[in-house]
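I opened the model to look up a few contacts and pairings. My entries follow the display.

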Amino acid sequence: MEDKIKKVAIIISKGGLDGVYPGLIMANGARMEGIEASLFFTFFGLDAVIKKRMGKIKIATVGNPGMHMATMLGMLPGMSAMATSMMTKTMDKLDIPPIPEFIEMVADAGCKLYACKATVDMFKLKKEDFCPQVDSIINVGKFYEIAAGGHIIFT
Amino acid sequence: MPTKHFGTLSVDVDAEGFMTDFSQWTKEIAAAIAKEEGIAELTPAHWKVIDFMHKEFKENGQVPSVRKLNKSGVISTKELYEIFPGGPAKKAAKIAGMKKPEGCV
């Protein structure tokens, strides 16, 4: 049998529901398999751990070819909110929690959460802007130190 | 179909050691599987989880997720990971004599 994966470091670099969920599912899934996991949020992915934003993350209906929606239709007011609400309801039925609950769940599962220092500086954010599950704000060097010996997954 | 032996008891299992015939499950079997999974003794907290899993499976035909266990007030996610170290949902399902959970979360 192949060697089992023992450790992963997952980077979430994109905002929006489709940017944030895959990394969270991968991290939570890792913990469920007994794999050591850490999450590193950078650029717009940082929205997922910013207190004021984490509950308001939407799916883009414009400029998102995956939605198979005409741009003119996608730009109608409320379209993104509607698509988000529909998607969230479907996910909830599959026991995929809303982002704030998911962050809490994955942290309780023993996954460590970090925010990217470069982005924090760029957006002029402070530690207090983040949900309590965020362990610390770290630079890339520290990230590699934490990820050492494991696999790095960029999303 | 592989068979697993625990002393004088034997049960049918799949390739990963999950029981395939729930009617063969007993508390003694559960304790034996738990030992194999590195849990020396099943405490009341473990039994609470196992009982809930059986109840959920009877009612919905599904192995409950970690989230469901947490939301139903059976056990917090943190504690669940503590008492079933190294993969709570999978281990609990195995000990409870159920199939491997299929969901991603």
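I count two residues as in contact if their C-beta atoms, placed from the backbone, lie within 7 Å. The model is predicted, so local features need pLDDT of at least 70 and side-chain atom pairs count only at pLDDT 80 or more, while totals for chains, interfaces and linings use all residues. Residues are numbered from 1 along each chain as its sequence is written, and chains are lettered from A and ligands numbered from 1 in the order in which they are written.

Entry: Val106(A). Leaving out residues up to four places away in sequence, I find Val106(A) touching Leu24(A), Ala27(A), Asn28(A), Arg31(A) and Cys111(A).

Entry: the chain contact. I looked up how many residues each chain gives: 14 from chain A and 16 from chain B. On the side of chain A that touches chain B, helix 1 (17–32) and helix 4 (99–108) of chain A each supply at least two residues; helices (H or I, at least four residues) and strands (E, at least two) are DSSP runs, numbered from the N terminus. Helix 1 of chain A has the largest share of that side, four residues.

Entry: I see Lys4(B) opposite Val11(B) in strand 2 of chain B. Two residues lie between these strands of the hairpin, and Gly7(B) in the turn has a positive phi of about 60°.

Key. Pairing = 2+ DSSP bridges.
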